[in-house]
Amino acid sequence: MYSEEHLYSIALRESSLIGDINFYKLVRTFGSAKAAWQHAGKEYKKLDGFGKKMISDIGNTDHLRFAEEELKFCEKNHISISLRHLNGLPPLLNECDDAPAILYRKGNFDNSLENVSIVGTRNITAYGKQFIHDFFEANKACRFVSVSGLALGVDKEVHEQSLHHQIPTIGVLAHGFHTLYPSKNKKLAEKILEEGGCLLTEFNSSRKPDRENFIQRNRIVAGISPATIVVETAFGGGSISTATYANLYNREVYALPGKITDKQSQGCNHLIFQHKASAISTIRDLTDQLGFNKPKTKTEELFPYSEITVQFTENQKKVFDAIFENPQISLDDLADKISLSSHKILPVILELELLGKVKSFSGRQFLAI
């Protein structure tokens, strides 16, 4: 199940000062983790930016013994180990410069489906719950995988709604597989695996759910998907780091706006204000922007669920009908056709544009949409 390369990769990654980026430099230089383990101490001068101190812990037999125990633990608990330098990571995640050197997995990962990461506060409100419910209800016929952090609040709601609508879901952990944090989500984690989803972590079985691990975990949540949705978060919430990583990786970010007086919407509003996220207006628009596969059944009207019918004024109807019947009609021709002066038509056209019913082109031409 595991190769010698897995053994030396774990040992190398466990060495002091060897993070994911340095690990990747080492294996690219020496050709393999085993070769880096055996030769880096003597040949470190061939490494750009590496000093003697940086490679001093490579070759430590304690790390090799730890790696042997880690492989036994993974085999006993049916944990797969993917290595970045052997192209084992999900393709999108592999594009990130700081992608994890090693990724541990329980369950199934389907690379043929598109991922969407959905994150937010542990202190979810009724507003956030309703959005998540409506999002999954509207997209239950689409083929995608949800990704979240298996925390309480928004994460928990995302995973539960995924399971309810039979949509595969991935939980990204901030610790090793020797534990499950928070313990309240243990049954949820088991259900994710039972229903064909998976749990991922870059942390080995010695790593506890320390505070700094959650920020580190968030880069995987952002990197594994082409788009991240921030449902609710306060200023400085952990989801802000996920959005920051997604922006860094040139991924799409969407945020659910809310009242400026609502604490759990302030982080989302700020992301939108800073142009670090696109505002979610309706679930239909969001679904279109995400580019999900077309569902077999028609997607229902969106969050909130209601059919929006525009009631035209007399002048709006007159102008709209004329534009509808004469695509890309000019302002002068429109004024002549409906016997209304151009200075009276222009405000009506602006109203129709704001309603999403008319589009303007250069040369003062108009089209009904």
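These are my notebook entries on a predicted model and what I looked up in it.

**Ground rules**

I number residues from 1 along each chain as its sequence is written, and side-chain values use heavy atoms, with hydrogens and water left out. As the model is predicted, local features need pLDDT of at least 70 and side-chain atom pairs count only at pLDDT 80 or more, while totals for chains, interfaces and linings use all residues.

**Entry 1: the sheet**

I started with the strands (DSSP runs of E, at least two residues; helices are runs of H or I, at least four residues, and both are numbered from the N terminus). I found 9 strands in an open sheet, ordered 1-2-6-5-4-3-7-8-9, with mixed pairing. Strand 1 and strand 9 stand at the edges with a single partner strand each, so one side of each has no neighbour in the sheet. Pairing here takes at least two DSSP bridges between two strands.

I then picked out strand 7 (227-230) and strand 8 (252-255), which pair in the parallel sense over 4 bridges. Ala 227 stands opposite Glu 252 in strand 8. Helix 6 (126-138) lies across strand 3, strand 4 and strand 7, and runs at about 160 degrees to strand 4. That angle is taken between N-to-C directions on a scale from 0 to 180 degrees, with axes fitted to C-alpha atoms, for helices over the stretch in contact.

Is helix 1 mostly covered or mostly open? Helix 1 (4-14) is mostly covered, with 8 of its 11 residues buried. Buried means under 20% relative accessible area, exposed over 50%, and partly exposed in between (1.4 Å probe, protein chains only). The buried set includes His 6 and Ile 10. The buried residues of helix 1 pack against helix 2, helix 3, helix 4, strand 1 and strand 2.

From there I went to Ile 81, which sits in strand 1. Ile 81 counts as buried because its relative accessibility is 9%. Leaving aside neighbours within four places in sequence, Ile 81 is in contact (heavy atoms within 4.5 Å) with residues including Tyr 2, His 6, Ile 10, Leu 71 and Cys 74. Ile 81 and His 6 are 75 residues apart in sequence, yet 7.5 Å apart in space, C-alpha to C-alpha.

**Entry 2: the largest pocket**

I looked up the largest pocket, and its volume is about 520 Å³. A pocket is an open set of points on a 1 Å grid over the protein atoms alone, where a 1.4 Å probe fits, with protein on both sides within 12 Å along at least five of seven lines; lining residues have an atom within 4 Å of a point. Of the 24 lining residues, Arg 122, Phe 214, Gly 237, Gly 238 and Ser 239 are the closest to the centre. Helix 9 (211-223) and helix 10 (238-248) are the elements that give two or more residues to the lining. Helix 9 has the largest share, 6 residues. By class I get 8 nonpolar, 12 polar and 4 charged residues in the lining, with Gly counted as polar.

Which residues does a cis peptide bond join? Tyr 181 and Pro 182, with omega about -5 degrees. Pro 182 is in the loop between strand 5 and helix 8.

I also noted His 275, not a glycine but with a positive phi of about 60 degrees. His 275 is in the loop between helix 11 and strand 9, and counts as exposed at 73% relative accessibility. Ser 339, also not a glycine, has a positive phi of about 55 degrees. Ser 339 lies in the loop between helix 14 and helix 15, and counts as exposed at 65%.

Terms used: Grid points are joined across faces, edges and corners, and a volume is the space filled by probe spheres set on the points.
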